[in-house]
Amino acid sequence: MKNKYKFALSLLFLTSIIASSQIQYKATKASLSQYEVPEWYQDAKIGFFYHWGPQTALGDHWTKDISDFCMQKGKYKDSNIGIENPVGQWGSHMYPNMKNGVIEPDSLQSTAYLIHKQIYGDPKDFGYKDLIPLMSDKGWNPEEMVRLLDEAGVKYIVPQAIHHDGFAMWDSKVIDEFNAAKMGPKRNTTKEVIDAARKRGIKVGVSTHASRHSWYYKKIPGYDTGNPRYDQLYGVGLGKDGLPQPYAVEKWENTIGELVDMFQPDYIFVDGGSADIFTENGSYLWQDAFRRVLSNYYNQAQKGGWDPVLSFKRESLWKEEAVPDYEGGNLIDIAPYKWQTHASITGWFYRPGRGRRTPTPILFSKIIDAVSKNGNILLNLAIKTDGSIQEKEITFLKDMASWMQVNGEGIHATRPWLVYGELEPGTSLGFVSMEKKKRKVYNDPEKIEMGRYKLHPGDIRYTRSKDEKNIYATRISWPEKPFVLTSFGKNAAGKTIDIESISLLGSDAKISWKKTPEGLLITPPSTPVFKDKTWPVMFKIVKH
């Protein structure tokens, strides 16, 4: 009896220690800045999300001519037929521009409005809600999607939960009418992907883009967007002061809260609409709501025993509070903090007529470039209207599986080395800053600059193993002749590194190498690792 009593006291004592060691996060910068990025995310490096929703239906009609007209390119350049429009965010642009209650002439209309009229008729008669029934589940196979991603070396899978349009892709209780379980594909799509990923032991997330939902649509009398019957889908619009109405803020918080409660996601993606209200009105109202959402997520994760990660865009939080994400660009140097970029293969939403397909070697280069600078990368699938994956994206995933099978050890569970890399001799970085392109909330003086630049075939990127025994030098394409790793030169960062051996991942050939004052001279074997010589290759440098 005494032993049982002692055991109970010990258990109570241990429980109290664990509870006292946990942080009770509050919705303030100071409190949230106690957050530490978990090791699983540090190790994962590569995630995937996807875009699928009502506006995907446009892809079934998206010819090259329509694409060029939409963006006013090709023969439509300088035509002044309409105002050029991005191919995404359809619901925001498909309704007419009005002035004093009168529809403006076509030359002052968005090309999305003109295209919508051509395909579906006047949006007064065929609104955004009428795209929903065009979605189906005929090609939807979440298990197959997850299998392809798993084999490609993807370590966190992030199904779309909700986009700007406010259509929920799960069986939501907050959005209990306009969701994919009840309309369109009539499938609980978010949950199905999460379940399939967890069966394979893969971390899961949810992709959310609903921060700007309440001001996304044009609220026009006589159109469905102006009908209160559809406020759950179209939102309530901004108040007279230009700020979100209390109902809209509460709905957003409840929506993210429901996703946390229902799925316990390891990761949450929050799109850049969280910065809109500040950049338009100078109000921190949405930042206050964001911090309430974030503190709830962190606290629920502590209670549930999982390690949470949330990413944000446009500096709508501080980097100490969560993980900053940069769309379409990478940092110029190694960051002392964790960050993420996200990029697409064929575009965000299914638009085949664009003919867009980012070349495989460029995507591979983006991966290793991000990882070398302490970043992760989240790549995108543009799902078709019936829920299937495009063939060219399947091809990429199979290529990625082949590449990662060889090079994965120099990517997963690695850390940045002393320097991120080297430029090909005789080339320049060609860096174009993107800092001013995206309007931001905060301006962090400690951040590393973000932008775009050209990667050359002879560029080098470095990573290292966590135990620091191995250094991985990735050359952006196959070397046809001997080359020098200048970071090991007599005056360089790696000058004191004592090397035991060098091998080429994916090759059994013995690698000839020697140290010179200029650096580490490596002679590659005659047989390339991959048939496609433009794919990056990785040399493993083992230290004594």
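This is a predicted model: local features need pLDDT of at least 70, side-chain atom pairs count only at pLDDT 80 or more; totals for chains, interfaces and linings use all residues.

Q: What volume does the second largest cavity have?
A: About 110 Å³.

Q: Which residues lie nearest its centre?
A: Ala210, His213, Ala248, Lys251 and Trp252, out of 15 lining residues. Helix α10 gives the most to this lining, with five residues. By type, the lining of the second largest cavity has eight nonpolar residues, six polar and one charged.

Q: And the largest cavity, how much space lies there?
A: About 160 Å³. Its lining has 13 residues, and the closest to the centre are Arg314, Asp325, Tyr326, Lys438 and Met450.

Q: Which strands each supply at least two residues of that lining?
A: β8 (309–313) and β9 (323–327). The largest share, four residues, comes from β9.

Q: How does the lining of the largest cavity divide by type?
A: Five nonpolar, no polar and eight charged.

Q: Back to α10. At what angle do the axes of α10 and α12 cross?
A: Roughly 20 degrees, and the axes come within 10 Å. That makes α10 roughly parallel to α12. The crossing is right-handed.

Q: Which residues meet there?
A: From α10, they include Ala248, Trp252 and Ile256. From α12, they include Leu285, Phe290 and Tyr297. The residues of this contact split into 11 nonpolar, three polar and three charged. Ala248 and Trp252 also turned up among the residues nearest the centre of the second largest cavity.

Key:
Residues are numbered from 1 along each chain as its sequence is written. Side-chain values use heavy atoms; hydrogens and water are left out. Axes are lines fitted to C-alpha atoms, for helices over the stretch in contact, and angles run from 0 to 180 degrees between N-to-C directions. Angles under 35 degrees count as roughly parallel, over 145 as roughly antiparallel, 65 to 115 as roughly perpendicular and the rest as oblique. A crossing is left-handed if the near helix is turned anticlockwise from the far one by less than a right angle, and right-handed if clockwise. Contact means heavy atoms within 4.5 Å. Ala, Val, Leu, Ile, Met, Phe, Trp, Tyr, Cys and Pro count as nonpolar, Asp, Glu, Lys and Arg as charged, and the others, Gly among them, as polar. On a 1 Å grid over the protein atoms alone, a cavity is a set of points where a 1.4 Å probe fits but cannot get out, and a pocket is an open set with protein on both sides within 12 Å along at least five of seven lines; lining residues have an atom within 4 Å of a point. Grid points are joined across faces, edges and corners, and a volume is the space filled by probe spheres set on the points.
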